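The following exercises concern one protein chain and are to be worked with the sequence and the coordinates at hand. Each task is followed by a solution in steps.

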Amino acid sequence: MEQTLVLIKPDGVQRSLSGRILQRFEDAGLKIVGMKMKWVDPKFAKEHYKAHVEKKFYPGLESMITEGPVVAFVLEGLHAVELVRKMVGATEPKAAQPGTIRGDFAHHSYAYADQKGIAIKNLIHASGTVEEAKIEVALWFKKEELHSYQTVHEKHVF
Ligand code: CDP
Ligand code: MG
C-alpha cells in the first residue's frame, strides 16, 4: 500500500477541472486520505520544487504554481505512485497519450512554453517515485490531516 501526493495546479483549478480529475482517481479505486486548498508562496514553491530550482524553466514554474490556489490531496492504494503517474501522463501535454489526464484535458507544448518563457501548463502534479511521495506527503500534510477509514472498494474490489 502506498500514498502519493497530487496537486491540481492553478491552471486546472481555474479551468474548473478539479472535480473531473478527482473523479478519475476515485473511479480507479484510490482512496482520498487527505485534502486541502493552498495558495503556494515562492518560499514553499522552492521547497516543493527543490529538484528544479536551478533549472532554466524554474522562474516560469514558480510564477505558474503561485498564480492561484491549488487543490492538494493524498491518494492511497496499491502501487498508488506508479498508477497515478500513469493516469496523469507525460509531462508535455502535446506528447501525453489520450486517456491520460494531461492528454485528454490539455495540449500545451514545450516549444510554445519555452518561446513564451512560461511553464508548461499541464494541470496536475503527482509524485514521481515512492521516495519523492514520502517527502512530498510530509511537506504538504501534517499527520493529523491524514485519515484512516474503510472504503467500499476495500470490501468489494480488493
Ligand atoms: O510534473 P512532472 O513530474 O511530470 O515533470 P517535472 O520534470 O518534475 O517538472 C515539473 C514541472 O515543471 C512540470 O510539470 C512542468 O509544469 C514544469 N516544466 C516546464 O515548464 N518546462 C520544462 N522543460 C520541464 C518542466
Ligand atoms: Mg516531477
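**Exercise 1. A lysine and its helix**

In which helix does K134 lie?

Solution. The model is a predicted one, in which local features need pLDDT of at least 70, side-chain atom pairs count only at pLDDT 80 or more, and totals for chains, interfaces and linings use all residues. Residues are numbered from 1 along each chain as its sequence is written, chains are lettered from A and ligands numbered from 1 in the order in which they are written, and side-chain values use heavy atoms, with hydrogens and water left out.

Step 1. K134 belongs to helix α8; helices (H or I, at least four residues) and strands (E, at least two) are DSSP runs, numbered from the N terminus.

Step 2. Buried means under 20% relative accessible area, exposed over 50%, and partly exposed in between (1.4 Å probe, protein chains only).

Step 3. Although K134 and L5 are 129 residues apart along the chain, their C-alpha atoms are separated by 8.5 Å.

**Exercise 2. The two sides of helix α8**

Which residues of α8 are buried, and which are exposed on the other side?

Solution. 

Step 1. The buried residues in α8 are A133, E136, V137 and W140. They line one face of the helix, because they fall within an arc of 100° seen down the axis of α8; the arc is that of the directions from the helix axis to the C-beta atoms.

Step 2. K134, I135 and A138 are exposed on the other side of α8.

Step 3. An α-helix has 3.6 residues a turn, so residues three or four places apart point the same way.

Step 4. The elements covering the buried residues of α8 include β1, β2, α3, β3, α5 (80-88) and β4, where contact means heavy atoms within 4.5 Å.

**Exercise 3. The sheet**

In what order do the 4 strands of the open sheet stand, and which are the edge strands?

Solution. 

Step 1. The order is β2-β3-β1-β4, with antiparallel pairing; two strands pair if DSSP finds at least two bridges between them. The edges are β2 (31-38) and β4 (124-126), each of which pairs on one side only.

Step 2. Neighbouring strands of this sheet are turned by 20° against each other on average, direction ignored. Axes are lines fitted to C-alpha atoms, for helices over the stretch in contact, and angles run from 0 to 180 degrees between N-to-C directions.

Step 3. Helix α2 (residues 18-27) packs on the sheet and touches β1, β2, β3 and β4, its direction making about 5° with that of β3. Helix α8 (residues 130-140) also touches β1, β2, β3 and β4, and its direction makes about 65° with that of β1.

Step 4. β3 (residues 70-77) and β1 (residues 2-8) pair over 7 bridges, and β2 pairs with β3 over 7 bridges. Opposite L75 in β3 stand T4 and I32, while V6 stands opposite F73.

**Exercise 4. Salt bridges**

How many salt bridges does a search of the whole structure find, and where does the pair of E76 and K31 lie?

Solution. 

Step 1. The search finds 5 salt bridges, each a side-chain nitrogen of Lys or Arg within 4 Å of a carboxyl oxygen of Asp or Glu.

Step 2. In the bridge between E76 and K31, the closest N and O atoms are 3.8 Å apart. E76 in strand β3 and K31 in strand β2 are 45 residues apart. E76 counts as buried at 18% relative accessibility, as does K31 at 7%.

Step 3. K46 and E62 meet in another salt bridge, at 3.0 Å from N to O. This pair links helix α3 (residues 42-48) with helix α4 (residues 58-65). K46 is partly exposed at 38%, whereas E62 is buried at 16%.
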